[in-house]
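I set out below what I looked up in this structure. The entries follow the order in which I examined it.

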Amino acid sequence: MPERNGIVSLELDLLEDRLGYKFKNRELLKAALTHPSYAIEKNLNYNNQRLEFLGDAALDLILAESIFIHYPAADEGVMTKMRSALVCQDALVKLTEKLELGDFMLLGKGERIDGTGARKSVQADGFEAIIGAVYLDGGLDKLRAILQRFYGEVYPEPDKEMREINPKGALQEYSQSRWNDTPSYSVCAVRGPEHRPEYTVEARLNRYVAVGTGNSRKLAETEAARHMLGYLHYLDSK
């Protein structure tokens, strides 16, 4: 995406259409799309971090409420794991893909991947900032309706999605129930430039080993756990 000096009204129209919400105060939406790196480059006195903080809290509340209502048999531990799975970075990125949010984010030069788009973590943070902006602009009921629609389309059965969304947690539960053991993770290599490293992590469990990569240790561990879990379930199916 070429460098921009701001976001134009037509772009905001498109994003609002995808979001299903028209802002009364569009400055909130602009702020939600403004990464701190862009604000520094353009000497702006605002960015999306405060809105991200608010959106994170609002998202937790709405998901907790929804899980509590729709899963009356779930205990506190299960509800906590389900909510954690639905707010992790990978889960939020799947929601941002419906908006193609990376195309709208205002980023500093160093934050764009090969000059084209936003990293996953930046998109996830931007989505939380938009949640905060909708909450301030339209209130909790409007925000709840938007999130219920998005989550309903992407994660129609969150209890069944937990394994895919949170493979580390699912792998740990599997290993404890089967072997009374827990997986271990170790970094094998770190490659790439300092500002955009690629981690390779090895997951070990019992006699099995799986490898994952990602632009952070956490993401690489998640990918390794996903591979390990997939292989173990393949063996179980034979």
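Entry 1: I began with V190, which stands opposite Y199 in β4. I also found S184 opposite R204 in β4. β3 and strand β4 (residues 198-205) pair in the antiparallel sense over 7 bridges. Here I follow the rule that two strands pair if DSSP finds at least two bridges between them. Helices (H or I, at least four residues) and strands (E, at least two) are DSSP runs, numbered from the N terminus. β3 and β4 form a hairpin with 6 residues between them, and G192 in the turn has a positive phi of about 90°.

I note that this is a predicted model, in which local features need pLDDT of at least 70 and side-chain atom pairs count only at pLDDT 80 or more, while totals for chains, interfaces and linings use all residues. Residues are numbered from 1 along each chain as its sequence is written, and side-chain values use heavy atoms, with hydrogens and water left out.

**Entry 2: the sheet.** I next looked up the order of the strands. The sheet is open and has 3 strands in the order β3-β4-β5, with antiparallel pairing. β3 (184-191) and β5 (208-214) stand at the edges with a single partner strand each, so one side of each has no neighbour in the sheet. On average, neighbouring strands of this sheet are turned by 20° against each other, direction ignored. For such angles, axes are lines fitted to C-alpha atoms, for helices over the stretch in contact, and angles run from 0 to 180 degrees between N-to-C directions.

In the loop between β4 and β5 I found N206. Its phi is positive, near 55°, although N206 is a residue other than glycine. N206 is partly exposed, with a relative accessible area of 43%. Buried means under 20% relative accessible area, exposed over 50%, and partly exposed in between (1.4 Å probe, protein chains only).

Entry 3: Which helices did I find against β3, β4 and β5? Helix α10 (residues 167-179) packs on the sheet and touches β3, β4 and β5; its direction makes about 15° with that of β4. Helix α11 (residues 217-237) lies across β3, β4 and β5 and runs at about 140° to β5.

In α10, I recorded P167, A170, L171, Y174 and S175 as buried. They cover an arc of only 130° around the axis, which puts them on the same side of α10. The arc is that of the directions from the helix axis to the C-beta atoms. Just after α10, N180 takes a positive phi of about 55°.

Not counting residues up to four places away in sequence, E221 touches K168, Y185 and V201. Contact means heavy atoms within 4.5 Å.

**Entry 4: helix α8.** I checked the length of helix α8 (residues 140-154): at 1.5 Å a residue, its 15 residues should span 21 Å, and its end C-alpha atoms are 21 Å apart, which agrees. The expected span is 1.5 Å times one less than the number of residues. The buried residues of α8 are L143, R144, I146, L147, F150, Y151 and V154. Seen down the axis of α8, they fall within an arc of 165°, so they line one face of the helix.

**Entry 5: the cores.** The largest nonpolar core has 44 residues, and those with the most contacts inside it are L19, L33, I130 and Y151. Such a core is a set of buried Ala, Val, Leu, Ile, Met, Phe, Trp, Tyr and Cys residues joined through side-chain atoms within 4.5 Å. Helix α7 supplies the largest share of this core, 8 residues. Leaving aside neighbours within four places in sequence, I130 is in contact with L15, L19, L29, A32, L33 and L101. Apart from this core lies another, of 15 residues, among them L171, V201, A224 and L232.

**Entry 6: the loop between α6 and β1.** I found E100 in this loop. E100 has a positive phi of about 50° although it is not a glycine, and at 40% relative accessibility it counts as partly exposed. G108 is placed in the loop between α6 and β1 as well. At 0% relative accessibility, G108 counts as buried. Neighbours within four places in sequence aside, G108 is in contact with S37, Y38 and E41.
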